[in-house]
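Please read it alongside the sequence and the structure shown here.

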Amino acid sequence: RNHVEVVTLQDAQQSLAPLLGSFSSYAFGIALLASGLSSSAVGTLSGEVILNGFIGLQIPLAVRRLITMAPGLFILMSGYNPMSALVFSQVCLSFALPGAIIPLLLVTADPEVMGEMANTRAVQAFGVAVVSLVILFNAGLLYLTFTEP
């Protein structure tokens, strides 16, 4: 009905104007900043746990932050369209998700590892259903990408 086509980040911000008025640009900016910071924090912390906890590799905090922020800053400084970069990053993330979810399901279902906190059959079935949907959607994305003119 009231379809608004969003092609740029500015379009996304402007789509909030009917709801928030002149505050829409501040709300969108704060939300975008919070989203980026939380994503970076989760990525940095999970990388730290993997590198330090599992592999035993210790990287100084400043270097970890630089490694985490460098790709995003490079893309922004290169002049690449931020909306395209955002979409591309989400596509990459969707293909990486099964690589994280499947080992997580395997470890959390193992009573030797998790003890009494191991996943129940219902939780495990739900997890398998979720990862199956992600894989199915990724296959659909690949099919549509390579078959559409």
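Predicted model: local features only at pLDDT ≥ 70, side-chain atom pairs only at ≥ 80, totals over all residues.

Helices are DSSP runs of type H or I with at least four residues, numbered from the N terminus, and Leu 61 has its place in one of them, helix H4.

- Phe 23 counts as partly exposed because its relative accessibility is 46%, a value that lies between the limits of 20% for buried and 50% for exposed.

**Packing of H5 and H7**

- Helix H5, residues 82–108, packs with helix H7, residues 121–147, at an angle of about 155°, and their axes are 10 Å apart.
- H5 is therefore roughly antiparallel to H7, since angles over 145 degrees are placed in that class.
- The crossing that H5 and H7 form is left-handed.

- Gly 53 belongs to helix H3, and its relative accessibility of 60% is why Gly 53 counts as exposed.
- Between Gly 53 and Gly 36 there are 25 Å in space, C-alpha to C-alpha, for a separation of 17 residues in sequence.
- Leu 57 sits in the loop between H3 and helix H4, the latter spanning 61–77, and with 43% relative accessibility Leu 57 counts as partly exposed.
- Leu 57 and Ala 122 are 65 residues apart in sequence, and their C-alpha atoms are 36 Å apart in space.

**Leu 61 in H4**

- Leu 61, located in helix H4, has a relative accessible area of 40% and is therefore partly exposed.
- A distance of 45 Å separates the C-alpha atoms of Leu 61 and Glu 148, which are 87 residues apart along the chain.

- Met 117 is found in the loop between helix H6, residues 111–114, and H7.
- The relative accessible area of Met 117 is 60%, so Met 117 is exposed, the cut-off for this class being over 50%.
- From Met 117 to Leu 33 the distance in space is 36 Å, C-alpha to C-alpha, and the two residues are 84 residues apart in sequence.

Terms used:
Residues numbered from 1 in each chain as written. Heavy atoms only, no water. Buried < 20%, exposed > 50% of the residue type's maximum accessible area, 1.4 Å probe, protein only. Axes fitted to C-alpha atoms, helices over the stretch in contact; angles between N-to-C directions. Helix = DSSP H or I, 4+ residues; strand = E, 2+ residues; numbered from the N terminus. Parallel < 35°, antiparallel > 145°, perpendicular 65-115°, else oblique. Left-handed = near helix turned anticlockwise from the far one by under 90°.
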